[in-house]
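Notebook open, structure on screen. I'm jotting down what I look up as I go.

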Amino acid sequence: MRLHRFVFAVALIAFLFGHLPAHAGDEAEPAGSKGGGNNEWKKEFEPEDDSWKSVKQELVFNNGGDPETLDPAKMTGVPEHTLALALYEGLVSHDPETLEPRPGVATHWTMSADGKTYTFHFRADAKWSNGERITAEDFRWSYFRVLHPATISQYAYMLDPIDGALAFRTAGKTDYEAFKKEVGVEVVDDRTLKIRLHAPCAYFLDLCAFETYMPVHRATVEKFGDKWTREENFVGNGPFVLAENKPRLRLVMTPNKHYWDAGFVKLTKISALPLEDLDQVYNKFVKKEVDWIKSVPSAKIDEIEKLDEYYVSPYLGTYFYRFNVDRPHLKDKRVRKALSLAVNRETITKDVMRGGQIPANWFCPAVAGYNPAQGLDYNPDEARRLFAEAGYPKGEGYPDLMLLYNTQEDHKKVAEAIAQMWRENLGIRVKLRNSEWKVYLVDVRAQNYDVGRAGWIGDYGDPMTFMDMWLTGGGNNNTGWGRKRYDELIQKAAIEFDNKKRYAYFREAEAMLIADEFPILPIYIYVNQGMKRDSLRGWYENYRDLHPFQYMYYEPEE
Amino acid sequence: MRDLIPFDVSALGLAEYAWLFLALGGLSLLAPPKRPRWLGALLVGLVLATAGFMAAWLGVPEGSAEPSWGTGILFVLFGVAVMLLGSLRVPLQKTLGGKTLAGVWLAALVLISLSLRPFGLGPVDDFEAWVYLASVGFFLAALLDTAGIVRRLLNRAWWGLVPAFSLFVWMADPFALGIGVNVLFATLYLMTLGVSTQGPELRLYVKRRLIGTPIVLLVLLTISFFLIRAAPGGPFDAEKALDAATQAAIDKKYGQDLPLPEQYLKFIGELVWKGDMGPSYKQKDRTVNEIIGNHIGTSAVLGGAALFLALLIGLTTGLISGIKRNSIFDYTSMSAAMIGLALPTFVVGPMLVLVFAMKLDWVPVTGWGSFRELILPAITLALPFAARVARLTRAGMLEVVHQDYIRTARAKGLSERVIVLRHTLKGALTPVVSFLGPAVAQMLTGSLVVEMIFGVPGMGKEFVNSAINRDYTLVLGLVLMFGVLLIFFTLLVDILYAFLDPRIRHA
């Protein structure tokens, strides 16, 4: 386990080197793009020679599901996220390999000395797919729209770092004039946008590349309402535009000829399929009907693992169990510690999941150079000792433990394995209970469980997206656990800009979770698992499964 | 971000199976007394016991870590219980009276469910208990029906119960998802209310039925409206909790801030005056009308092709088997039909793909839009129906062959060909036609399994997903659509009867 973790941490640190733009105290220095308006950084992603021009540049991939919406303000799921990278572009974009912030609509930006104000300078040739110019006003209105209650943006909270956004949103305000006055988004001129934060936010540039921060074309939205994302009405600003959308069959995108770097885009057509039957998806890959699939059937993993096209890499997500600390038989932290010690995570990943998942006794994946705190390894003897100390020698007198998970084959297998470990190592009785997804959510929120299965996928590339979950009474906490010290640490980290100090706060907080108090039991770190044709280039593995299509192209097959 | 969609067939627990068997046993009590069929009952019991045992073996029931003989034996016991019930039905009904018997059975059922609770087998929480009670209410409604209409109709509803049951199993955790099931039960119950056996005055009858249809649909929608909203969780619930501001915005946009009765009136109003089912909660860029419009064509094409195939294969084999009964052909085709019935589509589909797409390269693995892509899904969908049709046709043939009018035809010296095609077949088709009514409605509205395997963008997946997602408006739209189709096709069947059976026409 140690080795795994080490490799993972090193890999991510390497990935994310220089991820964050600047440190507090730097004098309003241009951050991010060093070359200003030019595209020097893009050069390394150009093909080595022109041989690609002789090949058909049409990508068919399986997106794993139908997008619920193509409106960036309303997106919540992974399939939508993937498409957003093709159809829209924020102020900032992601480097396809390292994910560091790269110029998007903005060519360069500056940050004030206190880290609270960002000024974005737009490129002159940034255009909508209908040829109109993109202005700073477009962004301001788009952000207003995200906060507007009628939009129902479930991810509106992503804008909360912006000064006044949270207050505007929670008050349910609908007035654009009020937004201009109260929220820290300022149009300096057509090509300059100033964003004021209420506190320094180390990961703000990363947020600027997220879909909630992507712009929409006001006239189109106002004219067509909910129907503006139809292919006949669609206006976007990404490297591709929507050409055809047949729900549950296929979604086709073609190059946006008004995109500011249209010359760089090589694919001439992208078809996204929404297939969910993984066996069939794999069959399609084998028959070369698709060239990139984002998941593989776990029953065939032994066969697939051996293929060159298979890839697996860590993902920004953690699979874990919650302990309901309000239950009398889970109140004692020795009991929770014993339950944690009695779980052999390597058995789970190696024998149960078998998909390259990383066994984790820590909670937050190693993101943006963060090195997670050290949890406890499998130690059944110590677990037994602690359990006896807590008053239950050999599990005697311990009430039945109810383990809740949402109905799904993998969750069931993990739950059975862990129940078995607890039974064997601690001598307690575990009752498994599965609920359909929505019922499970209600039960978790009502804390109607003893131990509950959970998964958490980070929204942005910073430990905060994991750590703020366990604030006392937090909306996603649902364990009944809370400590003043923990809350303090997270609040300190929230306004700190020096990553060294921030990460020290996070580490101390995380240690409370996984080495001292145990409101949760981390099990493994999720992985991206899929298959990609070798001839498809410009596609890079990364920990957030982000694959901007503008870099992709086909090489001739050898 | 969203978690993966929960979907697991094998996760049915012991309690669910047990309760299901007992409930089905209870239902069978309502059937009118006929001559005892010991052998049939015995067979049904055995099949159920085996199925239960296999299920226990393959899918580990809740609460135990591995399959055990104990659970297997329990299932055998359940099977035997159902079997005994079936065989004791007639004598018991004669002594106690059908309704008293069913009442006693129901009481026992509730008692058993509740007494299993301490062992984690009965209703686990209030919601499940509520679902049990709703089901009990359903039975009570049947009991209180003094005119005997429901009892008679339940017999006919049996064909509907079969697809309902399949969906039931597919919905992974049936009693937690009791809502979907109850909607289905309600659909069936109410649908059958509207259907009655064919009478002498066909025209008047059709007229009456057409007048009754809107009322039936209204009742159906009303029940569905309140049931789906009573289910735990809402359409926007996800791993990440919504903050109060977003929740308030959602409630306002979808009118959820109004009192429920007001929401209901608004919904019915919009539907009646504008024909507008409103926006979908989950598919945010589309309205319910659009979603149904998008997918129903696909399902109709697939269902139509499958229907054609099913009739072609089923009628031909059934007819030949009926003529050459007890021949080699008869035995082989009827065995094949039995296998066709027994093999689930999720086995047949991938097998066809393996052979025709993977090995032979005749068709693409998945896709939709060309004739080539229609072949495999249509065959997969058609096979079980074809098997049914073949068996029904054969049985119909055997029954008609001994009728007086056939003997008369033969005595008149008609050729065998004319006898078969003009007289026998027509009579033999009656059971096929009665099966086809609900079957066509079902085929046209799609099959989740076939759609998943072949990537067909049809209605089947919408049915299941809308319930899972609590997409309130879409659920209601689909219930309405299915209700309309079912009424339409059963009506059509009744009219067809009159043409097939002269006794109905002239009575």
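**Entry 1: a helix on the inside.** Quick reminder to myself that this is a predicted model. I started with α2 of chain A and listed its buried residues: P79(A), E80(A), T82(A), L83(A), A84(A), L85(A), A86(A) and L87(A). The helix runs over residues 78-87, and eight of its 10 residues are buried, so the rest of the structure largely encloses it. What sits over those buried residues? I found that the cover includes three strands of chain A: β9 (240-246), β10 (250-255) and β11 (269-273).

**Entry 2: chain A as a whole.** Next I zoomed out. I counted up 17 helices and 20 strands in chain A. Its radius of gyration is 24 Å, close to the 24 Å from the globule rule for 558 residues, so chain A is as compact as a globular protein of that length. I also looked up the span of the C-alpha trace along the principal axes, which is about 75 × 55 × 40 Å. How much of chain A is buried? Buried residues come to 54% of its 558 residues. Then I checked the contacts in chain A with a separation of 6 or more: 71% of them are between residues 24 or more positions apart.

**Entry 3: where the chains touch.** Here I turned to chain B. I found 54 of its residues in contact with 56 residues of chain A. Which helices of chain B each bring at least two residues to that side? They are α9 (244-253), α13 (345-359) and α17 (448-454). The most comes from α9(B), with seven residues. Sorted by class, this side of chain B has 31 nonpolar, eight polar and 15 charged residues.

**Entry 4: two helices side by side.** A pair of packed helices is described by the angle and the distance between their axes. I looked up both for α14 (residues 371-401) and α16 (residues 416-444) of chain B: the axes come within 7 Å and cross at roughly 155°. Angles over 145 degrees count as roughly antiparallel, so that is what α14(B) is to α16(B). The crossing is right-handed.

Which residues meet there? On the α14(B) side I noted several, including L381(B), F385(B), R388(B) and V389(B). Their partners in α16(B) include T424(B), G427(B), L429(B) and F435(B). By class, the residues of this contact are 15 nonpolar, five polar and one charged.

Key. Residues numbered from 1 in each chain as written. Chains lettered and ligands numbered in written order. Predicted model: local features only at pLDDT ≥ 70, side-chain atom pairs only at ≥ 80, totals over all residues. Contact = placed C-beta atoms within 7 Å. Helix = DSSP H or I, 4+ residues; strand = E, 2+ residues; numbered from the N terminus. Nonpolar A, V, L, I, M, F, W, Y, C, P; charged D, E, K, R; others polar. Buried ≥ 20, exposed ≤ 12 C-beta atoms within 10 Å, placed from the backbone. Rg over C-alpha atoms; globule rule 2.2 N^0.38 Å. Axes fitted to C-alpha atoms, helices over the stretch in contact; angles between N-to-C directions. Parallel < 35°, antiparallel > 145°, perpendicular 65-115°, else oblique. Left-handed = near helix turned anticlockwise from the far one by under 90°.
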